[in-house]
Amino acid sequence: MLRISKAEKESGNSDAMLEEQESEIPEGVSNWKAAMWVVIGLIILPIAADRLVDSAVTIAQYFGMSDLVIGLTIIAIGTSLPELAASLAGVLKGEDDMAVGNIIGSNVFNILAVMGLPGIINPSILSEHAMGRDFWVMLAVSLLLVVMALGKSKSISRIEGFILLVLFIGYQVYLLANMAA
């Protein structure tokens, strides 16, 4: 547990961030119990992820969706929900940098590791739809986000957030309307 030093207590100075972190640490949880929950989470997470992918693919294939569309819709949303929750929690606590870091870090990890490791294990050809349609959509939206973020206010306004959400919904509707691709 984080502690305020004796010198800080005596001088009356304390680190506000340290105090906030201490206030969020649950009382009465032993290190052993915390470690046990981490291990349980590390065991359950890959099992649940595997079930999510298998179930989503089975259902989507029943409806005639291609693997690419399954990945761009169901799997993308399912795997991004924890990131959305972390970003929302950060923004609600006034920690906007955490949300931005989460988004950038996730995208860098997804592009470099999630694409890199499967490429090392089993090199494969990318779908013409992924490179001819989806790559350009991803690039355009990334550039739009950069333009929004580097504008005068250096922030994403509610209107800009709404525009991004509408673009996402529109893209998902387009993909589902053209499921065979």
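## F135 and the aromatic pairs

F135 is partly exposed, because its relative accessible area is 30%; that label sits between buried (under 20%) and exposed (over 50%), using a 1.4 Å probe and protein chains only. This is a predicted model, in which local features need pLDDT of at least 70 and side-chain atom pairs count only at pLDDT 80 or more, while totals for chains, interfaces and linings use all residues. Residues are numbered from 1 along each chain as its sequence is written, and side-chain values use heavy atoms, leaving out hydrogens and water.

How many aromatic pairs turn up in a search of the whole structure? There are 2. Rings of Phe, Tyr and Trp (its six-membered ring) pair if their centres lie within 6.5 Å, and the planes decide the type: under 30 degrees apart is stacked, over 60 is edge-to-face, and the rest are tilted. Y62 and F63 have ring centres 5.2 Å apart and planes at 85°, so they pair edge-to-face. Both partners sit out in the open: Y62 is exposed at 69% relative accessible area, and F63 is exposed at 55%. F135 pairs with W136, with centres 5.0 Å apart and planes at 80°, so that pair is edge-to-face too.

## D134, next up

D134 belongs to helix α6 (residues 128-149); helices here are DSSP runs (H or I, at least four residues), numbered from the N terminus.

The side chains of D134 and Y171 are joined by a polar contact of 2.6 Å. That term means a pair of N or O atoms within 3.5 Å; within protein, one must be able to donate a hydrogen and the other to accept it, and residues adjacent in sequence count only if both atoms are side-chain atoms. Leaving aside residues up to four places away in sequence, D134 touches L68, L72, H129, Y171 and L175, where contact means heavy atoms within 4.5 Å.

## Helix α5 and its kink

Helix α5 (residues 96-121) has 26 residues and should span 38 Å at 1.5 Å a residue; its end C-alpha atoms are 37 Å apart, which agrees. The expected span is 1.5 Å times one less than the number of residues. Still, α5 has a kink of about 35°, centred on N110; the bend is the angle between axes fitted to the seven residues ending there and the seven starting there.

The buried residues of α5 are A99, S106 and A113, and they pack against α4 (67-92).

## How confident is the model?

The chain has a mean pLDDT of 81, with 91% of its residues at 70 or more; pLDDT is the predictor's confidence in each residue, from 0 to 100. Confidence is lowest in helix α1 (residues 6-11), at a mean of 53, and highest in helix α7 (residues 158-177), at 90.

Notes:
Helices (H or I, at least four residues) and strands (E, at least two) are DSSP runs, numbered from the N terminus.
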